[in-house]
Amino acid sequence: MSSLAIVHSRAQIGIQALPVTIEVHLTNGLPRLSIVGLPETAVKESQDRVRSALLNSQFEFPLQRVTINLAPADLPKEGGRFDLAIAIGILAASHQISANELSQYEFIGELALNGELRPVRGVLPMAIEARNSQRQVVVPNDNATEASMVNNASVLPIKHLLDICKHLQGTNLITPFFTTEKSNVIDSIHIADLSEVRGQYHAKRALEVTAAGGHNLLMLGPPGTGKTMLASRITGILPPMVESEALATATIASIAIGGFNVQNWGIRPFRSPHHTASGVALVGGGSHPRPGEISLAHNGILFLDELPEFDKRVLEVLREPLESGHIVISRAAQQAKFPANFQLVAAMNPCPCGYLGDPSNRCSCSPQQVGRYRAKISGPLLDRIDIHIEVPNIPRTELRKDIVRETSAEVRKRVIAARNLQLQRAGKANNLLGNQEIEKFCHLSDTDENLLDTAIEQLGLSARAWYRILKVARTIADLAGSEDIQTHHLTESITYRRLERKKYSA
Ligand SMILES: Nc1ncnc2c1ncn2[C@@H]1O[C@H](COP(=O)(O)OP(=O)(O)OP(=O)(O)O)[C@@H](O)[C@H]1O
Ligand SMILES: [Mg+2]
């Protein structure tokens, strides 16, 4: 006698949750279990966990030949995520539970030896796909909130293998779980406020433009002038994420080490890796490619403090995703593409001692030292940064002045208004405009065009810079609520590139 059961689950490849069917075949013969279909060690170990979980849940482990096929065979499969599906397959094939409605469900979860469910990574993308396939998704209880972030997904959370068996038998039905936690909580969480930063109006303005258009920013200045302080306050003035952005950002967190935290739903990420971070940590990698910091910063900010301290090769890798908004990681086993549409915010001192150009004349660096320091950041990387500003020392009188400064909430209002104009115009932030869209939406008068040409020539900037200056000018006009880019919008935008020439070419 032989019998077959088919159970649906999904493998995690990059950010995709690809369908996997678990076929369990029982035949008479010497009791033996084999798992085929490119399983990795952790999946092979699953047989021991499943055996114990079944026995500890008062089920029988079939005394037959059990063949488990994870199809398609060419898809790499890792981790304990298939435990639950394998257990259900064995129970259905051995007629201990009903197999009638199995095709309406997808299963994910790792089993403990006592039959309890352990949370796994990547539940969110799986819930999206299960919904798209019009199936209910059965998940470990600890993953329920994460899965329920997906609108219209039908999520069945379980604590124990027996929970789902009773549900399938119709004796004790599980109610689908809906989250109440899904709200954009930016206003309720505490992010340090921009009003705490004294002076530095030029830098604050640049921060506002950066936030409004999704641009990249580099701050240059001596120690202790507020660069780190300013950067860490940008999250508080960024516009809210739309649903699809929130889902994409949450998906990356869901498959990354550390997992997705529901409290971060809808909040643009702010990632600030230390300068000792490796290339893999920054851009992603591993034999099963995992997203790196640049992808975890998708739709948010990647803050690189002390930019020249980063390994130069690591920084160079940023060039490609800064243009394309994604990163492709190729490994022998598989290739994965992760979204990485982040805004780069960076801070640095002008020289190793930090005081070059300071009125106090304190700088003790030799020109060679300054040259070596600057050379750590390549021209092509600088070329991709739209806004370069100086954050100088501010006079003590300015520090002590007790004036009312604008709060993050006030600035954010302007940012949101400007971003809404962009979304209405092109459906995206200015930074994401393609060259054709730039020509369409960032029209200049003839005089202004000449002005820009002259500036590009004088500053020795590239064609890329030409387009980037236009995008920033568009954002400045949007902040002013102006339909056209006017001369002063353009000149402000050009100003943000002046430093590049002046300061870095030591
Ligand atoms: N503009 C400012 N307004 C209020 N406080 C400031 C300002 N600038 C600096 N501070 C104070 O100095 C501290 C150091 O500032 P911050 O870390 O931002 O300096 P930095 O420019 O990043 O310096 P470094 O180049 O050494 O990294 C802040 O925590 C804050 O207390
Ligand atoms: Mg700092």
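**Entry 1: the interface of the two domains**

I began by looking for salt bridges across the interface of domain 1 and domain 2, and the rule finds 0 of them there. I keep in mind that I am reading a predicted model. For polar contacts across the interface of domain 1 and domain 2, the search returns 5 residue pairs, both partners being at pLDDT 80 or more. I then asked which elements supply at least two residues each to the side of domain 1 that touches domain 2, and I noted strand 1 (3-13), helix 4 (123-132) and helix 5 (144-147). Helix 4 gives the largest share of that side, with 4 residues. Sorting the side of domain 1 that touches domain 2 by class, I wrote down 9 nonpolar, 5 polar and 4 charged residues.

**Entry 2: bounds, distance and buried area**

I looked up where the domains run, and the assignment for the protein chain places domain 1 at 3-169 and domain 2 at 194-504. Taken over C-alpha atoms, the centres of domain 1 and domain 2 are 44 Å apart. In terms of contact, 18 residues of domain 1 meet 20 residues of domain 2. The two domains bury about 1600 Å² between them, and 63% of this area is on carbon and sulfur atoms. Which three residues supply more than any other three of the area that domain 1 buries against domain 2? I found Ile15, Arg121 and Met149, which together supply 39% of it.

**Entry 3: around ligand 1**

Turning to ligand 1, I recorded 15 residues surrounding it, with Arg198, Gly224, Lys227, Thr228 and Met229 as the closest. I followed this with some individual atom pairs. A polar backbone atom of Arg198 is 2.8 Å from a nitrogen atom of ligand 1, while a polar backbone atom of Thr225 is 3.1 Å from an oxygen atom of the ligand. For Gly226, I noted that a backbone N or O atom lies 3.1 Å from an oxygen atom of ligand 1.

**Entry 4: salt bridges in the whole structure**

One of the pairs I looked at is Arg268 with Glu245, whose side chains meet in a salt bridge at 3.3 Å, N to O. This pair links distant parts of the chain, 23 residues apart, since Glu245 is in helix 9 (243-255) and Arg268 is in the loop between helix 9 and strand 11 (270-271).

**Entry 5: two backbone details**

Between Ala71 and Pro72, however, I found a cis peptide bond, with omega about 0 degrees. Pro72 lies in the loop between strand 4 (65-71) and helix 3 (83-93). His95 has a positive phi of about 60 degrees, although it is not a glycine, and I placed His95 in the loop between helix 3 and strand 5 (105-107).

How values were computed: Residues are numbered from 1 along each chain as its sequence is written. Chains are lettered from A and ligands numbered from 1 in the order in which they are written. This is a predicted model: local features need pLDDT of at least 70, side-chain atom pairs count only at pLDDT 80 or more; totals for chains, interfaces and linings use all residues. Side-chain values use heavy atoms; hydrogens and water are left out. Domain bounds come from an automatic or database domain assignment. Contact means heavy atoms within 4.5 Å. Buried area is the accessible area (1.4 Å probe) that two parts lose on being put together, summed over both. A salt bridge is a side-chain nitrogen of Lys or Arg within 4 Å of a carboxyl oxygen of Asp or Glu. A polar contact is a pair of N or O atoms within 3.5 Å; within protein, one must be able to donate a hydrogen and the other to accept it, and residues adjacent in sequence count only if both atoms are side-chain atoms. Ala, Val, Leu, Ile, Met, Phe, Trp, Tyr, Cys and Pro count as nonpolar, Asp, Glu, Lys and Arg as charged, and the others, Gly among them, as polar. A residue is near a molecule or strand if one of its heavy atoms lies within 4 Å of it.
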